[in-house]
Amino acid sequence: MKDLDIERIEIDLLLEAILRRYGYDFRSYARASIDRRVMQFMSDSGHASVSDMIPRLLRDSEFFSELARYFSISVTEMFRDPCVYRAIREKVVPMLKTWPHVKVWHAGCATGEEAYSLAIVLKEEGLYDRATIYATDFNDESLDRARAGIYDVEHIKKATRNYQESGGRGSFAEYYHAGYEAAIMDDSLKARVTFANHNLAADEVFGEMHLVFCRNVLIYFNRELQNRALELFTDSLVHGGFLCLGAKETLQFTSVSDRYAHVDESAKIYKKVVP
Amino acid sequence: MKTRETRPPASASGYRAVAVGGSAGGFEALEAIVGALPMDFKPPILAVQHLHPSDNGSFARHLARSTRLPVIEPCDKEWIDPGRIYVAPANYHMLVERSGAIALSVDGKVNWSRPSIDVLFKSAARAWGGSVIAIILSGASRDGAEGMRAVKGAGGLTMAQDPASAQVPFMPRAAIELGAADEVLCPEAIGRRLIELAGEPRQLKDNRGGNI
């Protein structure tokens, strides 16, 4: 048997150990990325083989937390893909305005950058005071950072450029308070945002949403888990509600492809329709 | 090298895919390689070129003008079909699943790059072992050298652009110095070699010591 085949068995066993010991099921994640992250963690933590990590993972929960960080790393930024936020302003907001109250579910919010971006858009469009944004993630550490809303200066610089490109109507500097090396997001942006733990792999539906925003999360799931998450979104959206995916994610070939119509093809914004 | 009589149709090739990576000066080399390939070239080509994050598909559109094969900037989980060129979208790593689908990721940069050539090559080696051809082209970083070693270690075939023919020789040279390049060729020769290899039957690769 070749080394790579043995390594494959070892990673299967490691995922099984995590599931049985900690209850997180990473077996339904996209395997190519899981493999890469396990190998990266192995090398960073100075282990010679995947098997070597299993006994320690089973007994040392702090060690598991370190690995879990590798599994949930998400690199994001405010107003990531500015054209998407422009499309939301132009094509989604006018419809959202027709509802008396607007509920947004931002699934997989990681450290909160895009949740604050959505809050800013809704604010500038006059919808914020009648909106609630539920921003969820399965990683409590990420959620703590999201709630704190503190980002480094480089991040804020990038965010400012993105904001301008996204059709921002004001000055981005109004939305944060800068210190020497970091900036904290303004409290008003936190008032209508609820950060909560939710695991798309295990938990149930959030009801009556008008917009589900889930970008660059499904790429980390295998097809089955991707379909599970999409079915949750479909169940939670009202008729005519909107779904926004990552720029390189598509509903094509998924179990819910006949439940949606395109609103903006390049921004990957869809609208729920009667099949 | 191989006689015509033993060459079966291209579909019998032992190679499942060609993975190619380039950076500064890599685009011209890639154009020369894919421009030489015939319409019936079967193994899919997976290409990573270091791009500006705001590239927005222009690399793919540009490349499509220099080849007979369809050029695709894939979405996540898109099936990899024969006879096509898949280019990594700007700002995403491109990996492959054993099932034969594209897997995209927004994980952090590797070698200061996203997409990273190492990420593609290592994932291709992991997914398909010895049936991958990896090619490293002109560029100014070390990205791809480790990935070449992974492909070679898994029994695949690796080629480096001859540094003398590269606009920026550092990237192929890094792979060569690592002992990770089976063959060192100029882009035109890489193109000819790919055509030859695509027609090479599986058992010939076995004879050469490859592990199928």
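Modeller: Let's start with a term we will need: a crossing of two helices is left-handed if the near helix is turned anticlockwise from the far one by less than a right angle, and right-handed if clockwise. Helices (H or I, at least four residues) and strands (E, at least two) are DSSP runs, numbered from the N terminus. Residues are numbered from 1 along each chain as its sequence is written, while chains are lettered from A and ligands numbered from 1 in the order in which they are written. The model is predicted: local features need pLDDT of at least 70 and side-chain atom pairs count only at pLDDT 80 or more, while totals for chains, interfaces and linings use all residues.

Colleague: Thanks! How do you know that the span of helix H2 of chain A agrees with its 14 residues?

Modeller: The expected span is 1.5 Å times one less than the number of residues. For residues 31-44 that gives 20 Å, and the end C-alpha atoms are 20 Å apart, so the two agree. Just after H2(A) comes Gly46(A), with a positive phi of about 70°.

Colleague: Why is H2(A) called oblique to H4(A)?

Modeller: Axes are lines fitted to C-alpha atoms, for helices over the stretch in contact, and angles run from 0 to 180 degrees between N-to-C directions. Under 35 degrees counts as roughly parallel, over 145 as roughly antiparallel, 65 to 115 as roughly perpendicular and the rest as oblique. These two axes come within 9 Å and cross at roughly 135°. That makes H2(A) oblique to H4(A). The crossing is right-handed. Arg37(A), Gln40(A) and Phe41(A) of H2(A) make the contact with Leu67(A), Tyr70(A) and Phe71(A) of H4(A); two residues are in contact if their C-beta atoms, placed from the backbone, lie within 7 Å.

Colleague: How many residues of chain A are in contact with chain B, and where does the largest share come from?

Modeller: There are 17 residues of chain A in contact with 21 of chain B. The largest share of the chain A side, five residues, comes from H2(A).

Colleague: What makes the phi of Asp81(A) worth a look?

Modeller: Most residues other than glycine have a negative phi. Asp81(A) has a positive one, near 55°, and is found in the loop between H4 and helix H5 (82-96) of chain A.

Colleague: And why does Asp81(A) count as buried?

Modeller: Asp81(A) has 24 C-beta neighbours inside 10 Å, so it passes the cut-off of 20.

Colleague: Where is Lys268(A), and is it buried or exposed?

Modeller: Lys268(A) is in the loop between strand S9 (260-264) and strand S10 (269-272) of chain A. With 22 other C-beta atoms within 10 Å, Lys268(A) is buried. Its phi is positive too, near 55°.

Notes. A residue is buried if 20 or more other C-beta atoms lie within 10 Å of its own, exposed if 12 or fewer, and partly exposed in between; C-beta atoms are placed from the backbone.
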